[in-house]
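Reader: Please take a close look at one part of this structure. Then connect that part to the rest, in short sentences.

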Amino acid sequence: MLTLDQQNTLAFEHVRNALVHRLGRKATGAQWQQFEDRLRTHLPALLDNLQPLYGHRPDFLEQLDTLVDTAWTGWSERPKEMKALDEAREKTPTWFQSEKVVGGVLYVDRFAGNLKNLQEQIPYFKELGLSYLHLMPPFKVPPGRSDGGYAVSSYRDVNPEIGTIEDLRALAKALRKEGISLVLDFIFNHTANDHPWAQAAVQDDPRYKDFYFLFPDRTQPDIYERTVREIFPDEHRGAFSQLPDGRWIWTTFHTFQWDLNYSNPAVFNAMAGEMLAIANLGAEILRLDAVAFVWKRPGTPCESLPEVHNVIRAFNALARIAAPSLLFKSEAIVHPAEVMSYISPEECQLSYNPLQMALQWNSLATREVNLLQQALEKWHHLPHNTAWVNYVRSHDDIGWTFADEDAAQFGINGYDHRKFLNRFYNNRFPGSFARGVPFQENPDTGDARVSGTFASLAGLEQGDPMAVQRMLLLFSVILSTGGLPLIYLGDEVGTLNDPCYLDSPDEADDSRWIHRPHRDVTRYDQRNNPNTVPGQIFTGLRSMIIIRANTPAFAGGELIGYRAGNPAVLGYTRSSTQQTVLVLANYSEFEQHCPAQVFQAMPGHPVRDLLTDRSYSLRDGVTLAPYGVLWLEVR
Ligand code: OTU
């Protein structure tokens, strides 16, 4: 029996020699040496994760050779400045945990028209304080409906309406020069139905016919549908769509988004090539879209199966070999334990924090912090060298993904409570300040989600006098709980719902378009005028971003919950070696008092609020203004 080390050495020698043989005399020089070293280091992780997926196949080694070829191609095509970044990041691998990093996300066409014009907005991004910019998918899409870019026809081409692949490369470069990291999606669960692979698959091209889940009749689909969830039931029921020729194809999302079949190693290899090409455009972080769905097995929910983790970890190992500074951000909007399962340095270093997002909205509705406080104490802690991406709104709907078990601890019935939240935010609850609209209401399960912009959901649309305070409260929490705060651009100037989508045949059936408005020039022009609402939101947010950048205690992700003795007040402390900050946040429209007893272990001398520079004596207890926030420097 060979030891694991011996097996790894043998595998390395095999793939290295095979590659050297194919490359001939190109296999020399510094570039080769670096590649060879990293291949030796990371091949074991790659094999560990590919073996459970494809190890049983007689062509396993051949497939591995193809993959190593892909890695070499990726590395040899990697631009010089990306290799320089790789080297720099080796010294600061956890740069994304810095208190100075803030993210933004936008649609290129809606924000600036096209990629070239977007470049001119760089001064604005710097004014706001961004160092991370996520572009909603800029790739080529089918004509008409494309799920906002999430149906990709080619990962190597940009949507001609916004420019060319060269424009994208130039933008990445210009951003990096100004200290802003480009983030792009890796939409690896599905392609558009007009992707060349998809076209070849329906024509039974032997190379591509197993790239998707294509079935001659309902036998297999019926078996799978016994156990899978419906994701976009408004668009089509079940998980499959019928082709004009009568066959059935797996479509988790829209009928025009065809799920890739990762049980076929050729799919993994092909997508690995696309991944490295996207990284080499200049993307520093890839957002892994819809991670949970990429592996299917009959009799299971086909979500977050163990193989999904192998797929992502194998991509990660490949990135370590061919694009070493590349990071992954997981997009799993599911049960908190499942969200956590994707986060580790070997898998996704970053992850959306959908629980914090949903529970901030929950606390605004109930004026109680119970679930949010519990979430911070129970689910916030992450492995070393990883981070949350904390956000208030994204381009998607709000789903109420808290755990029913957690809610039960407060006597809350999860099912009923979600119904309440949907009514509250979808403007069906008397007294609600929110103006959302439902997304994907499922008549069978009673399930629904919520669309709407931050401002419209927070009360600005209906002229609620507390709307701005509510917005600043939610922003203050994503800026201070630990992790990378991500701002959905438009929100920073209070952009309202835009019902225009109802007039567009390609958008009318998807309410998420209500919160994907075009850049509102008037609002942006008012941003530095504190006498305007956009100005109050923008200047308030900007000053918090600046204060955060000067608060070392806000780096990293460690947080300790602090029970503030008031059901409407959230509390936590954040610390660095030099400093401790106690954050208190009031989720009600009334003044709230936190009694002196809860601060007994805190210093007796007056402490300073970093946000206003005012000092507070904790011995008297603390009174918070309606929706007020304090960042108290207690050490
Ligand atoms: C993602 O979201 C994208 O964010 C959406 O914009 C896309 O439509 C979709 O994938 C398909 O590409 O269902 O409502 O965690 O919640 O991945 C959003 C599971 C979605 C899903 C999530 C998906």
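Author: Start with helix α12, where 15 of 17 residues are buried. The helix is thus named as mostly covered. Buried means under 20% relative accessible area, exposed over 50%, and partly exposed in between (1.4 Å probe, protein chains only). The model is predicted: local features need pLDDT of at least 70, side-chain atom pairs count only at pLDDT 80 or more, and totals for chains, interfaces and linings use all residues. Residues are numbered from 1 along each chain as its sequence is written, and side-chain values use heavy atoms, with hydrogens and water left out.

Helix α12 runs over residues 306-322. From first C-alpha to last, α12 reaches 25 Å. That is close to the 24 Å expected at 1.5 Å a residue (the expected span is 1.5 Å times one less than the number of residues).

Now the setting. The protein chain holds 21 helices and 25 strands (DSSP runs numbered from the N terminus: helices are H or I with at least four residues, strands E with at least two). Of its 635 residues, 62% count as buried. The C-alpha trace spans about 75 × 55 × 50 Å along its principal axes. A compact globule of 635 residues would have a radius of gyration near 26 Å, and the protein chain agrees, with 25 Å (taken over C-alpha atoms; the globule rule is 2.2 Å times the number of residues to the power 0.38).

Q360 sits in helix α14, residues 354-366. Its relative accessible area is 1%. H254 belongs to the loop between β9 (248-250) and β10 (257-259). H254 is buried too, at 6% relative accessible area. Its side chain makes a 2.7 Å polar contact with the side chain of Q257 (a pair of N or O atoms within 3.5 Å; within protein, one must be able to donate a hydrogen and the other to accept it, and residues adjacent in sequence count only if both atoms are side-chain atoms).

Last, the ligand. Its shell divides into nine nonpolar, three polar and eight charged residues. A polar side-chain atom of D147 lies 2.5 Å from a ligand oxygen. A polar backbone atom of I333 is 2.9 Å from an oxygen atom of the ligand. For an N or O atom in the R512 side chain, the distance to a ligand oxygen is 3.1 Å.

How values were computed. Ala, Val, Leu, Ile, Met, Phe, Trp, Tyr, Cys and Pro count as nonpolar, Asp, Glu, Lys and Arg as charged, and the others, Gly among them, as polar.
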